[in-house]
Amino acid sequence: MKVCIAEKPSVAREIAAVLGATTKRDGYFEGNGYAVTYTFGHLCTLCEPSDYKPYWKSWDLNNLPMLPEKFKVKVSNDKGIKKQFNIIKSLFDKADVVINCGDAGQEGELIQRWVINEAKYKGRVQRLWISSLTTEAIREGFENLKPAEDYDNLYYAGFSRSIGDWLLGINATRLYTVKHGGYKQVLSVGRVQTPTLAMLVNRYKEIENFVPQPYWELQTLYRDTLFSYEEGRFLKMEDGEKLANKVKEHEFEIVSITKKKGTEYAPKLFDLTGLQVYCNTKFGFSADDTLKIAQRLYEKKVVTYPRVDTTFLPDNIYPKVKGILSKLTDYSSLTQSVLNKKIKKSSRVFNDKKVTDHHAIIPTGMQTHLQPAEQQVYDIIVKRFIAVFYDDCKVSNTTVIGKADDVNFKTTGKEILSKGWRVVFESDGSKTKGESILPTFTKGEKGPHEPSFLEKQTKPPKQYTEASLLRAMETAGKQVDDDELRDLMKENGIGRPSTRANIIETLFKRKYIKRNKKQILPTVTGIQLIDTIQNDLLKSAELTGNWEKQLKDIEKGEISANTFIKGMKRMVDALVYEVRSEKVETRISAVNNKPATKPKAKAKTKSKKVVGSSCPKCKSGELVKGKSAYGCNLYGKGCDFVLPFKFGEKKISDNQYLRLLDKGSTVNLKGFKVNGNSIEGLLRFDDNFKLKLEPKQTTKPEIKAGDTCPKCKTGSVLKGKTAFGCSNYKTGCDFRVNF
């Protein structure tokens, strides 16, 4: 039997229908030699800290950093999930081959691989890789199944991403919560969410601290056309005033007219970020709304896979274009002129080198009834697709230079000579910015004009909207307007196209950011958190972008997952040491950001005692007091747990043992004797629940020239005349340790 496993029931239903597996069973479809089963999102997850060591359950600085040697995966602890997992496992036990039909992306690969691995399936696995859910695409996909090994690097990249997020997210969140969190306040810190929040906070502060600077502009109105002083603005009023007074006394004369023909290309096809930016700007949809709508359109088979980061199509799509356009009967008034001649093939649209797993979002040619919001998103995807096969728009750019006395003024205008692809968008009523048609001027003509000399002020940058924040995440905070340059920077963007919307929503849920109409602003709590985090690495969009590039390199097989994970562990280790050593403590609370009131007097409760506490080793006995130690009352009946009154010649108080039982460790204590030496340290249990002493770390790790920089993790340590520094000091790393 061939067992197919899809990512959700609706997708499994579509695949089953194509394969002829029409009998519905509990948790799968069956027929024609196939069983088509499904997950629903993540059936398996990375293990929790307490799954590795019981005392890691406690949020305690002494338990940090938590760095498991090997990361483990488990089935989620949910009745419904466990039931479905057991159904999948029983099908795998009878399978001749398993066909992984998960979403064709990094996350989809990870979800299914974890299930296959946890089910202990050792047989042959094949991969279905499709970009749409049409019957034709599914059939074609099953005719071209790939070996699962072809996608190993994709899985390693997904696994590494999960581990990186676990290492930094769990350690940093506990670290900052315990060190700086106020009453019941969890301070969530993450690999992508924290630099995103930092971008918002930095922009907000830039605007708050902005001091407007005055400048002056000299302009003149001639034949209802505004001309501006050719050399730009004046920073000193006196300089401009002299010229303003001079031009008043003279007529305006046209000196030169330059016309230059140009070409405007159709807008690029959509990747997910481009679609989210467009829909936020035009329709006011949030990034998350747009992603959900695009996903529904994909599941309704009307568009291709949406979680993509390319605006190009592969060459093998070109032969299918005519068929797709022919099926778009609702748009026949726009497609007819394209279908009546040879369909053009432009390198701005078709480029195999710019396509990896998936191509740009395009219609499939299928049409169906859609909800109003779905129709809006579908409509713009279809029109972008049609427009790229139209002729280019031909324009004439005109520059006119005029003068009054010897002072030159300039104006520019644009005339559309041939609309080309613009015809597709005419019904939207959209105009191009800066489009202006000039009157016909003649060189040498003269006439009266109306000069003006105006004082203006410099303006601060604008607050982020969801659209501009998505673009900033895509370019790791760099201001980039050019489409070609933006494409080159995508490898270093922060987050993935499919996760950016979720990151923004997470910041809203944590109450770190809020909406003000279209603007996104940080809250007081968000600002306090970024101000409290002194470690620049956690807040750096550029360095987080560098991690994203490493994850892409794992996907390409250019670096190993082990290298990435070791780097993350070193960074977390250094971060914990740094924050634990900080002298300043803040208490951040999101409870309306009000100052804390006096706590109510607690009702008296019985104080806990060691005697009667549950035995931490066997979990079924309880502790009793002996002559020289506490021990389990099942001692001699299978449990050998004891807690001696003294350890290392030091008496241990009941309060410290209670803390050890409750939180996994004592605090640092002085006076332990080891080999005649007095040592300070804390006690915790080893794997056999015997006491062990962990000496207190009192010195920083030794620094040597040539070591990896402990701050940016990419440079190396250099030895100067008076201090150690980082080789990346020119690109922003300020690591320095004086001799």
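Biologist: How many bridges join β1 to strand β4, and in which sense do the two run?

Modeller: In this predicted model, strand β4 covers residues 34-38. One of the pairs is lysine 2, whose bridge partner in β4 is tyrosine 34. The strands β1 and β4 run parallel, and the number of bridges joining them is five.

Biologist: Which residue of β7 stands opposite alanine 6?

Modeller: Strand β7 comprises residues 97-101 and pairs with β1 in the parallel sense over five bridges. Within β7, the residue opposite alanine 6 is cysteine 101.

Biologist: What is the strand order of the open sheet of seven strands, and which are its edge strands?

Modeller: The pairing in this open sheet is mixed, and the order is β2-β3-β4-β1-β7-β8-β9. Two strands pair on one side only. These edge strands are β2 (23-25) and β9 (146-147).

Biologist: Why is strand β1 described as largely enclosed by the rest of the structure?

Modeller: Strand β1 spans residues 2-6. A residue counts as buried under 20% relative accessible area. Strand β1 is largely enclosed because the number of its five residues that are buried is four.

Biologist: Which residue of β9 is the bridge partner of glutamine 126?

Modeller: Strand β8 (residues 124-127) and β9 run antiparallel and are joined by two bridges. In β9, the partner of glutamine 126 is proline 147.

Biologist: At what angle do the axes of helices α4 and α6 cross, and how is their contact divided by class?

Modeller: Helix α4 (residues 106-118) and helix α6 (residues 152-180) have axes that come within 8 Å and cross at roughly 90°. The two helices are therefore roughly perpendicular to each other. Residues that meet include Arg113 and Trp114 in α4 and Tyr155 and Phe159 in α6. By class, the contact of α4 with α6 has six nonpolar, four polar and four charged residues.

Biologist: How are α6 and helix α21 oriented to each other, parallel or perpendicular?

Modeller: Helix α21 (residues 561-580) packs against α6 at an angle of about 5°, and the axes are 10 Å apart. Among the residues that meet are Leu167, Leu168 and Leu175 in α6, with Phe564, Met568 and Val572 in α21. By class, this contact of α6 with α21 has 16 nonpolar, four polar and three charged residues. Angles under 35 degrees count as roughly parallel, and α6 and α21 are therefore roughly parallel.

Biologist: Which residues make the contact between α7 and α17?

Modeller: Helix α7 (residues 193-208) and helix α17 (residues 497-509) pack at an angle of about 70°, with their axes 10 Å apart. That angle makes α7 roughly perpendicular to α17. The contact is made by Gln193, Thr196 and Leu197 of α7 with Ile503, Thr506 and Leu507 of α17. By class, these residues divide into three nonpolar, three polar and no charged.

Biologist: Is leucine 272 buried or exposed, and what is its relative accessible area?

Modeller: Leucine 272 lies in helix α9 (residues 272-283). Leaving aside residues up to four places away in sequence, leucine 272 touches Leu291, Pro306, Arg307, Val308, Ile361, Pro497 and Ser498. Leucine 272 is buried, and its relative accessible area is 0%.

Biologist: With which side chain does the side chain of aspartate 60 make a polar contact?

Modeller: Aspartate 60 is placed in the loop between α2 (49-52) and β6 (73-75). Aspartate 60 is buried, with a relative accessible area of 5%. Residues touched by aspartate 60 include Val178, Lys663 and Ser665. At 2.9 Å, the polar contact is with the side chain of arginine 659.

Biologist: Why is one side of β24 and of β26 left without a neighbour in the sheet?

Modeller: Three strands form an open antiparallel sheet in the order β24-β25-β26. The strands β24 (669-674) and β26 (691-695) stand at its edges, so each has a single partner strand. From one strand to the next, the twist averages 65°.

Biologist: Which helix packs on the sheet that contains β24, β25 and β26?

Modeller: Strands β24 and β25 (residues 677-685) pair in the antiparallel sense over four bridges, and leucine 669 has glycine 681 as its bridge partner in β25. The helix that packs on this sheet touches β24, β25 and β26, and its direction makes about 45° with that of β25. This helix, residues 654-663, is α22.

Note on methods:
Residues are numbered from 1 along each chain as its sequence is written. This is a predicted model: local features need pLDDT of at least 70, side-chain atom pairs count only at pLDDT 80 or more; totals for chains, interfaces and linings use all residues. Side-chain values use heavy atoms; hydrogens and water are left out. Two strands pair if DSSP finds at least two bridges between them. Axes are lines fitted to C-alpha atoms, for helices over the stretch in contact, and angles run from 0 to 180 degrees between N-to-C directions. Contact means heavy atoms within 4.5 Å. Angles under 35 degrees count as roughly parallel, over 145 as roughly antiparallel, 65 to 115 as roughly perpendicular and the rest as oblique. Ala, Val, Leu, Ile, Met, Phe, Trp, Tyr, Cys and Pro count as nonpolar, Asp, Glu, Lys and Arg as charged, and the others, Gly among them, as polar. Buried means under 20% relative accessible area, exposed over 50%, partly exposed in between (1.4 Å probe, protein chains only). A polar contact is a pair of N or O atoms within 3.5 Å; within protein, one must be able to donate a hydrogen and the other to accept it, and residues adjacent in sequence count only if both atoms are side-chain atoms.
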